[in-house]
Amino acid sequence: MRLIVAAIGRLKAGPERELADRFRDRVAKAGRAVALRDIEIVEIRESKAADAARRVLEESIALANIIPERAVVVALDETGESLDSGSFTGLLRGWRDGGRPAAVFCIGGADGLGEDVKRRADLTLAFGAATWPHQLVRIMLLEQLYRAVTILAGHPYHRA
């Protein structure tokens, strides 16, 4: 199964980019052993529309266009479920074992995700009740994906 992180906006060079790259590389290397064959980061340009509703619509269309057929869609949103690492790993295992070709994790821009992306989502996931900058959400997601991969592989990185 492929893992795709689809994010509105780019991570610029600096510590955030370095940390995101480090976790992405870890997921890619460890994931092969547990049938997670690829992790791809798709950065989608932020809309330049004048009003927020138009920006969200344009960004949502761009996100929808990169979602493969039959993929699991996970929307990252502060109104979503807060899952512990074990539960998150269980979902990932189920999707992989259920023959889903990909899991796409959608991270909105400054104005959030459009309602159409949220409706399409198989899961809406939150990292707590706080609103986080999309750059940090990407890093937290990549770390949780790495943690899930290590749990699947029986590696000691995760300690309950």
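Predicted model: local features only at pLDDT ≥ 70, side-chain atom pairs only at ≥ 80, totals over all residues.
Biologist: What makes Leu145 a buried residue?

Modeller: Buried means under 20% relative accessible area. Leu145 has a relative accessible area of 0%, and is therefore buried. This residue lies in helix α5.

Biologist: Which residues does Leu145 touch, leaving aside those up to four places away in sequence?

Modeller: Leu145 touches Leu3, Val5, Val27, Ile39, Phe88, Leu92 and Phe105.

Biologist: How do you know that the span of helix α1 agrees with its number of residues?

Modeller: Helix α1 covers residues 15–31, which is 17 residues, and at 1.5 Å a residue these should span 24 Å. The end C-alpha atoms of α1 are 24 Å apart, so the two values agree.

Biologist: Which residues of α1 are buried, and what puts them on the same side of the helix?

Modeller: Ala20, Phe23, Val27, Ala28 and Gly31 are the buried residues of α1. They cover an arc of only 140° around the axis, and therefore lie on the same side of α1. These buried residues pack against β1, β2 (38–44) and α5. The face of α1 turned away from the buried side carries Pro15, Glu18 and Lys29, which are exposed.

Biologist: How does the reach of helix α2 compare with the expected value?

Modeller: Helix α2, residues 52–65, has 14 residues and reaches 20 Å from its first C-alpha to its last, close to the 20 Å expected at 1.5 Å a residue.

Biologist: Why are the buried residues of α2 said to line one face of the helix?

Modeller: The residues in question are Arg55, Val56, Glu59, Ser60 and Leu63, each of them buried. Seen down the axis of α2, they fall within an arc of 125°, so they line one face. They pack against β1, β2, β4 and α4 (115–120). On the other side of α2, Ala53 and Asn65 are exposed.

Biologist: What places the buried residues of α3 on the same side?

Modeller: In α3, Ser85, Phe88, Thr89, Leu92 and Trp95 are buried. Their arc around the axis is only 125°, which puts them on the same side of α3. What covers them includes β1 (2–8), β3 (72–81), β4 (102–107), β5 (123–125) and α5 (134–153).

Biologist: What volume does the largest pocket have, and which residues lie nearest its centre?

Modeller: The volume is about 310 Å³. The lining comprises 21 residues, of which Leu76, Asp77, Glu78, Trp132 and Val137 lie nearest the centre.

Biologist: Which element supplies the largest share of that lining?

Modeller: The largest share, three residues, comes from β3. Both β3 and α5 supply at least two lining residues each.

Notes. Residues numbered from 1 in each chain as written. Heavy atoms only, no water. Buried < 20%, exposed > 50% of the residue type's maximum accessible area, 1.4 Å probe, protein only. Helix = DSSP H or I, 4+ residues; strand = E, 2+ residues; numbered from the N terminus. Arc of directions from axis to C-beta. Contact = heavy atoms within 4.5 Å. 1 Å grid on protein atoms, 1.4 Å probe; cavity = no way out; pocket = protein on both sides within 12 Å on 5 of 7 lines; lining within 4 Å. Points joined across faces, edges and corners; volume = space filled by probe spheres on them. Expected span 1.5 Å × (residues − 1).
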